Amino acid sequence: MALKILTEAGRDREDFVLRFQAEAGLLRRIGGRRHLIRCDSVIAVPPTQVLELYEESVADRLEQGPLPLRVAIQIARQGADALGWLHEHGVLHRDVKSSNLLIAMDGTVALADLGVAAQGS
């Protein structure tokens, strides 16, 4: 498991707390589906999300050098699958980047960090 804890400075800002709570609620509802990170539980004080653990991000992997084409395509497909599922359900991620694509030991990819996601109607 991984812990995402709202910083002390963030706890003093109502907008940060509300966004953190909204992200936790969204992850509890949709996480673990179609390459989206799963939130197993939420702790109120300090505000903490208990998330599934991944080995590294795509950003971490890219620091080692270019990805083999086959791996890059697998990552892109899984990331696109996650985005497609979100869009089908009225959610815009709004912060897709290599550090928000997490890679498991088996190569499975999950999209993380929905802190600035927008939910449509």
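This is a predicted model: local features need pLDDT of at least 70, side-chain atom pairs count only at pLDDT 80 or more; totals for chains, interfaces and linings use all residues.

Visitor: What makes E4 and E6 a pair?

Guide: Two strands pair if DSSP finds at least two bridges between them. Two bridges join E4 to strand E6 (residues 101-103), and they run antiparallel, so the pair meets that cut-off. As for the names, helices (H or I, at least four residues) and strands (E, at least two) are DSSP runs, numbered from the N terminus.

Visitor: Why are E4 and E7 called edge strands?

Guide: The open sheet has the order E4-E6-E7, with antiparallel pairing. Strand E4 (56-57) and strand E7 (109-111) each have a single partner strand, so one side of each has no neighbour in the sheet.

Visitor: Which strands make up the open sheet with E1 in it?

Guide: That open sheet runs E1-E3-E2, again with antiparallel pairing. Its edge strands are E1 (2-5) and E2 (39-43), each pairing on one side only. From one strand to the next, the twist averages 20°; for such angles, axes are lines fitted to C-alpha atoms (for helices, over the stretch in contact), and the angles run from 0 to 180 degrees between N-to-C directions.

Visitor: How do you know that E2 and E3 pair?

Guide: Four bridges link E2 with strand E3 (residues 48-51), in the antiparallel sense. Val-42 stands opposite Gln-49 in E3, and Ile-43 stands opposite Thr-48. A hairpin of four residues joins the two strands, E2 and E3.

Visitor: Why is Gly-84 called partly exposed?

Guide: Buried means under 20% relative accessible area, exposed over 50%, and partly exposed in between (1.4 Å probe, protein chains only). Gly-84 has 26% relative accessibility, so it counts as partly exposed. You'll find Gly-84 in helix H4 (residues 69-88), and H4 lies across E6 and E7, at about 35° to E7.

Visitor: What makes Arg-19 lie "over the face" of Phe-16?

Guide: A charge sits over a ring if NZ of Lys or CZ of Arg is within 6 Å of the ring centre and within 35 degrees of the ring normal. Arg-19 is at 5.1 Å from the ring centre of Phe-16 and lies over its face.

Visitor: Why is the protein chain called as compact as a globular protein of its length?

Guide: First, the line-up: the protein chain has four helices and eight strands. The radius of gyration is 15 Å, close to the 14 Å that the globule rule gives for 121 residues, so the protein chain is as compact as a globular protein of that length. That radius is taken over C-alpha atoms, and the rule is 2.2 Å times the number of residues to the power 0.38.

Visitor: How much of the protein chain is buried?

Guide: Buried residues make up 35% of the 121 residues.

Note on methods
Residues are numbered from 1 along each chain as its sequence is written. Side-chain values use heavy atoms; hydrogens and water are left out. Contact means heavy atoms within 4.5 Å.
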